[in-house]
Amino acid sequence: MVGSDRRIRIDMNCEHFQDELWALDMTELKTLQRAMKRVATLTWAQVQTDHGLNWERIVGRADFYSIRLNQQARAIVTRQGEFLRFESLHFDHDSAYGKK
């Protein structure tokens, strides 16, 4: 298991996530880019406790978490070793939790 004091690595290779990412307009894309750059500077301990990201386990989906990227968007992520794997983007808060 990767220690919580090491910086995370970001994996954005999920096809579903990429489809959503490339569909964004330039303003949304730049906003998310800034958020992801910030996330990439954090350690696992920081990601899991950062109040801005609001790391939350998704009930009923083992090993899936929601993080806040900005005021409008959340991402569904998983942890795979040292990688934070982005699975999907959600601009509707409830959809990130499967409520809609």
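**A loop residue and its strands**

Tutor: Glu82 lies in the loop that links β4 (74-80) to β5 (83-90). Strands here are DSSP runs of E with at least two residues, and helices are runs of H or I with at least four, numbered from the N terminus. This is a predicted model, in which local features need pLDDT of at least 70 and side-chain atom pairs count only at pLDDT 80 or more, while totals for chains, interfaces and linings use all residues. Residues are numbered from 1 along each chain as its sequence is written, and side-chain values use heavy atoms, with hydrogens and water left out.

Glu82 counts as buried because its relative accessible area is 18%; buried means under 20%, exposed over 50%, and partly exposed in between, with a 1.4 Å probe and protein chains only. The Glu82 side chain makes a polar contact with that of Arg9, at 2.6 Å. Such a contact is a pair of N or O atoms within 3.5 Å; within protein, one must be able to donate a hydrogen and the other to accept it, and residues adjacent in sequence count only if both atoms are side-chain atoms.

β4 and β5 run antiparallel and are joined by 7 bridges, where two strands pair if DSSP finds at least two bridges between them. Arg79 stands opposite Leu84 in β5. This β4 and β5 hairpin has 2 residues between the strands, and Gly81 takes a positive phi near 65 degrees.

β4 also pairs with β3 (residues 65-68), antiparallel over 4 bridges, and Ser66 stands opposite Ile76 in β4. The hairpin of β3 and β4 has 5 residues between them.
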